[in-house]
Each structure stands twice: as structure tokens, then as C-alpha cells.
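Good morning, colleagues. Please look at the sequence and the structure on the screen while I go through a few of the features.

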Amino acid sequence: MGRPLTVSPAPHRPGDTGVTHGDPTAAAVVLGWRATTDLRTGVARQVAWHRSLREAPATTPPAAVPSPVGGERR
């Protein structure tokens with residue numbers, strides 16, 4: 001988000017997941033769900049949302065900050 005990232009490799013801790021990946025196949029088969037947002041747009045919206053959280057006044061409750069998808073509130 002505009003600055004270097006410091007990475008400090010460390011041994012896995014109990015409960016850490018060894019490998020992760022996203023695969024929407026089960027959601028498509030079971031729920032009929034299909035993604036409607038491409039990866040580049042989705043990541044850009046997610047970054048913008050996180051930035052908006054940092055810029056929101058400290059007195060703003062989390063429910064008043066728009067979510068990154070469709071302007072829905074959480």
C-alpha cells in the first residue's frame with residue numbers, strides 16, 4: 001500500500017495452515033455461484049476499503065464504513 005513490506009520468516013506455529021489456495025469450484029457446483037469481479041478489480045477495491053478504514057474518523061463505528069463489494073454495509 002505504497003511502502004516497502006518487511007517480511008520476517010519464522011517457523012510454523014501450532015495451528016498454522018501448511019498450504020492455502022482459493023478454488024471456487026465447490027461454490028459453483030453446490031451453490032451455483034460464479035465470481036463477477038476480476039482479480040485486479042477485487043484487489044483494488046479491497047485496498048481502497050482498507051485505506052478508507054485508516055482515514056475514517058476514530059469515532060466512526062465500523063458498521064458506518066462501506067464494504068469493498070457493492071457498497072453494502074457490514
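Predicted model: local features only at pLDDT ≥ 70, side-chain atom pairs only at ≥ 80, totals over all residues.

Helix α2 itself covers residues 39-55, which is 17 residues. From the first C-alpha to the last, helix α2 reaches 24 Å, close to the 24 Å expected at 1.5 Å a residue.

How many helices and strands does the protein have? There are two helices and zero strands. Helix α1 runs over residues 25-31, and Leu31 has its place there.

Leu31 brings me to the surface. Together with Val29, Val30 and Trp33, Leu31 forms a nonpolar patch whose accessible area comes to about 490 Å². Is Leu31 buried or exposed? Leu31 counts as exposed because its relative accessibility is 66%, and the cut-off for exposed is over 50%.

I turn now to charged side chains. In general, side chains of opposite charge can pair when their charged atoms come close. The structure holds one salt bridge. Which residues form this salt bridge? The side chains of Arg13 and Asp16 meet there, at 3.9 Å from N to O. As for the two partners, Arg13 is exposed, since its relative accessible area is 60%. Asp16, by contrast, counts as partly exposed because its relative accessibility is 36%, a value that falls between the cut-offs of 20% and 50%.

Finally, let me give the totals for the protein. Of the 74 residues, 7% are buried. The protein exposes about 6800 Å², and carbon and sulfur atoms supply 59% of that area.

Thank you for your attention.

Conventions. Residues numbered from 1 in each chain as written. Heavy atoms only, no water. Patch = residues over 30% accessible without salt bridge, like charges linked within 9 Å, V, L, I, M, F, W, Y side chains within 5 Å. Areas by Shrake-Rupley, 256 points an atom, 1.4 Å probe, with all protein chains shown as cover. Salt bridge = Lys/Arg side-chain N within 4 Å of Asp/Glu carboxyl O. Helix = DSSP H or I, 4+ residues; strand = E, 2+ residues; numbered from the N terminus. Buried < 20%, exposed > 50% of the residue type's maximum accessible area, 1.4 Å probe, protein only. Expected span 1.5 Å × (residues − 1).
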